[in-house]
Amino acid sequence: MMPSEVYAELRPELFSSESRSQSLVRAMDLGLAEDHFSRPVDSFVALDIEQLKMAIEECKRLILELPEHSERQKDTVVKLIHLRLKLQELKDPEEDEPNLRVLLEHRFSKEKSKSVKQTCDKCSTIIWGLIQTWYTCAGCYYRCHSKCLNLINKPCVRSKVSHQSEYELSICPEIGLDRQDYRCAECRTPVSLRGVPSEARQCDYTGQYYCSTCHWNDTAVIPARVIHNWEFEPRKVCRSSMRYLALMIPRPVLKLREVNPLLFNFVEELVEIRKLRQDILLMKPYFITCKEAMEARLLLQLHDRQHFVENNDMYSLQDLIDISSGRLSCSLTEIHTTFAKHIKLDCDRCQAKGFVCELCKEGDILFPFDSHTSVCHDCSAVFHRDCFYDNSTTCPKCARMTERKHDDPPYPKDT
């Protein structure tokens, strides 16, 4: 249906057969045939603020005259919204705002997306990207209206992660609302469990209580519950804790052997992963001295878990989550197989660095990461596990090294 026909039906007393040619012009002048989410074309290029205001007033008048809840009235309301959005775009009082702002260690950048609906972390209201300017912190992803920037009192969580990379390892260390003086732990707004004047919401990570502005009932896996109970059920946390945990989740800061060594007695998957990591550390010297391995960049298969090629006792929270789900075991076993295949089958240089059991002098070439071998802790010589454990004498290589020390004459002292 053409715009002129719509107006003829809406206002029959104003649209006679002689004035149909003028009705289309009038509709265009009002902006009712324009898609205001796209760039204006034709006569709308010259459309100014005053014309839009007149079109808006005409739309409002039509809405009042049309039957309530009718389809025509609904269509006119939609057109009114489009016109108002277009008016806001033309006004755009925040167009000159800077693209970058630095506040409380936040590095805010002005967002250009107008189609994504977000929520302001400061005032907890919706950010309408079509008509409002908003910023996002590049460090902690804090989002807010441009008008809320100067009201922010929360420092960037990433700075805390940089200066204090450690978890709270006590399970929900609550101190009680009375110790908080019945105020939000972050913004100090009065709170109570009854919800008057504001509902007190507990963060399972810090154990403290927060207001509804600082605690949106977001959920996250709690490190303390994982380490002590091997529990991965997400719990409700405040906004600042959610951001902190999200930034900390890939960081290898958990030394399970010190925090809870008994965990390895009850979680078989942890023992399996620890063995795979120990093997990978034994394979690493082969790769860093192998030209083919360096060219193939084999160690970069663990680029997202770099700590796996540096030590075998540090874990990130993401590691533990993936261990629980079984995902890490599958991926690490595949990488382990690829590494072992290169050393034992594909590369002649790496094969030449293998060992022959000096106790039985039988069998294939041995490598320290083989499951049926034992490694001397002093000289790193490799033997069959049965041979080394059953032999009551010391390591033959260690014995030779000790004998050489006794046979070699001492160096003369300088006079």
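This is a predicted model: local features need pLDDT of at least 70, side-chain atom pairs count only at pLDDT 80 or more; totals for chains, interfaces and linings use all residues.
Colleague: Why is the contact of R239 and D121 called a salt bridge?

Modeller: A salt bridge is a side-chain nitrogen of Lys or Arg within 4 Å of a carboxyl oxygen of Asp or Glu. The N to O distance for R239 and D121 is 2.6 Å, so the pair counts as a salt bridge. R239 is in helix α7 (residues 239-248) and D121 in the loop between β3 (118-119) and β4 (126-127), 118 residues apart. Helices (H or I, at least four residues) and strands (E, at least two) are DSSP runs, numbered from the N terminus.

Colleague: Why are R239 and D121 called buried?

Modeller: Buried means under 20% relative accessible area, exposed over 50%, and partly exposed in between (1.4 Å probe, protein chains only). R239 has 11% and D121 has 3%, so both fall under the limit for buried.

Colleague: Which other residues are linked with D121 in a network of salt bridges?

Modeller: D218, R239 and R243 are linked with D121 in that network. The side chains of D121 and R243 meet at 2.7 Å, N to O.

Colleague: What makes D322 and R305 a salt bridge?

Modeller: Their N to O distance is 2.5 Å, so the pair meets the salt-bridge definition. D322 lies in helix α12 (residues 317-325) and R305 in the loop between α11 (291-296) and β12 (314-315), so the pair ties together parts that are 17 residues apart in sequence. At 3% for D322 and 10% for R305, both residues are buried.

Colleague: How do you know that C148 is in no disulfide?

Modeller: A disulfide is a pair of cysteine sulfur atoms within 2.5 Å. The nearest cysteine sulfur to that of C148 belongs to C120, 3.8 Å away, so C148 is in no disulfide. For C214 the nearest is that of C187, at 3.7 Å, and C214 is in no disulfide either. A search of the whole structure finds zero disulfides.

Colleague: Is C148 buried or exposed?

Modeller: C148 has a relative accessible area of 4%, so it is buried.

Methods:
Residues are numbered from 1 along each chain as its sequence is written. Side-chain values use heavy atoms; hydrogens and water are left out.
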